[in-house]
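Hello,

Here is the structure I promised to pass on to you. Please open it beside this note and read the two together.

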There are 2 protein chains.
Amino acid sequence: MTNVDVPPTTIQRLPIYLRCLMQAQAMRMPVINSLGIAEMAGTNAAQVRKDLSYLGELGTRGIGYDVDSLIAHILKWLGLTEVRRSAIVGYGRLGSSLQSYPGFEDRGFVMVAILDADPEKVGQRVGDIVVDPIGDLERIVAEKNVEIILLTVPAEVAQAVADQAVSAGVKAILNFAPVRLDVPSDVAVRHADLSVDLQVLSFHLNKTRTTDS
Amino acid sequence: MTNVDVPPTTIQRLPIYLRCLMQAQAMRMPVINSLGIAEMAGTNAAQVRKDLSYLGELGTRGIGYDVDSLIAHILKWLGLTEVRRSAIVGYGRLGSSLQSYPGFEDRGFVMVAILDADPEKVGQRVGDIVVDPIGDLERIVAEKNVEIILLTVPAEVAQAVADQAVSAGVKAILNFAPVRLDVPSDVAVRHADLSVDLQVLSFHLNKTRTTDS
DNA sequence: GTATGTGAAACGATTCACAGCT
DNA sequence: AGCTGTGAATCGTTTCACATAC
């Protein structure tokens, strides 16, 4: 059914549009036009129209986009109408902070397991989840039908842990470890790599200083 | 001095190359070629050569790149030879997990302040830093010469806090709040937005399921 | 009149392929 | 012979501009 010819750059912007639309909805706006979305999202109207046109003809010429129905369409396209069973693998400081991240439990993503290598942490209760040993990863993934893992283990073991997760059937990984993961092409990986962002910022600090002369 | 015509996509890859080179250095490799870097980084040799060629003629034909000197060049280009004074603004779970993130204190980035709105947290000691009230943001930024802030405050106040930081002289922001920040063009912003990544992963989960038929 | 949807143009990034250096 | 550096070709993305629909 779903046409798969949506450019990757468009896909990355859909969650942002979605957020803007939810805001518009909260402000009781029944309709919004491409310029309105663009201003909220920090792009331009042409970009918004091109992006949305990949999902179909969702707007009304002369009027704009119906907020409610556009939200519904984007949710559908992003697969956010289904529950996504996820697990945190590596329950250190970062891992534990992810639980309480806003927009997690409250939108489709459900945390069904937490795993850690540290015997001290195993058995610990976190809400209604009990921390499991990382050695049980494959069993837990299979049993609890985990689709996404949030990988917050040390860089040295990230690849090995990812391999286990993949062999147990995980199809999406959000990787916080500063290493490139090697996975089969049917597994999606996103890198949430803080140090890369910091270094890019460092570059910009340099640039502004050298340009100011 | 520094030529500013490096494509943004290249800049984003430089930190990754840097990491690979450090690994090569740790393995006592004196020289590496573009294919070697590419395999470690998950790209192709042509890409690596194009990227590095923007920084100058750093390799030797017939041989490859000297690991030590290439590392030095990339560090220089990314401005990582200078100390980057940074502050955490918003000391919740996420904020506190950032301190201990590997590759922070140990590479140029120095945490000089932590701020929070919660009176309970203000005054708390964190290593050799005392948590300051967020109302003192402008004073602290000016006094401690903060260049980068890690913004981990709730979305509702992120823009207001960013505005204060910018007016006090901050030139780079790593924004963890799920909102688009409006800042002057000389201020660099990077979005570390977990929920966008999760939603992109959700899209891919959908796709593989629908394509498998 | 107003705003979408979309071919076409412009731009930017990646890949190719080879000349040039060691 | 081996590998870099780089123009040229290719590919993908963004922007333009307007026909189309309300």
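Below is what turned up at the interface and in the pockets.

This is a predicted model, so to speak of local features a pLDDT of at least 70 is needed, side-chain atom pairs count only at pLDDT 80 or more, and totals for chains, interfaces and linings use all residues. Residues are numbered from 1 along each chain as its sequence is written, chains are lettered from A in the order in which they are written, and side-chain values use heavy atoms, with hydrogens and water left out.

Let me begin with the interface. In chain A, 64 residues are in contact with 64 residues of chain B (contact means heavy atoms within 4.5 Å). The two chains bury about 6000 Å² between them, 64% of it on carbon and sulfur atoms; buried area is the accessible area (1.4 Å probe) lost by two parts on being put together, summed over both. Tyr101(A), Gln199(A) and Phe203(A) supply 12% of the area that chain A buries against chain B, more than any other three residues.

Four salt bridges cross the interface of chain A and chain B (a side-chain nitrogen of Lys or Arg within 4 Å of a carboxyl oxygen of Asp or Glu). A salt bridge also joins the side chains of Arg190(B) and Asp197(A), at 3.0 Å from N to O. On the side of chain A that touches chain B, H8(A) gives the most, with 18 residues; helices (H or I, at least four residues) and strands (E, at least two) are DSSP runs, numbered from the N terminus.

Now the pockets. A pocket is an open set of points on a 1 Å grid over the protein atoms alone, where a 1.4 Å probe fits, with protein on both sides within 12 Å along at least five of seven lines; its lining residues have an atom within 4 Å of a point. Volume is the space filled by probe spheres set on the points, which are joined across faces, edges and corners.

The largest pocket has a volume of about 1600 Å³. Its lining has 44 residues, and the closest to its centre are Gln12(A), Arg190(A), His191(A), Gln12(B) and Arg190(B). H1(B) gives the largest share of this lining, six residues.

The second largest pocket holds about 700 Å³ of space. Among its 32 lining residues, Val153(A), Pro154(A), Ala155(A), Pro178(A) and Pro102(B) lie nearest its centre.

Happy exploring!
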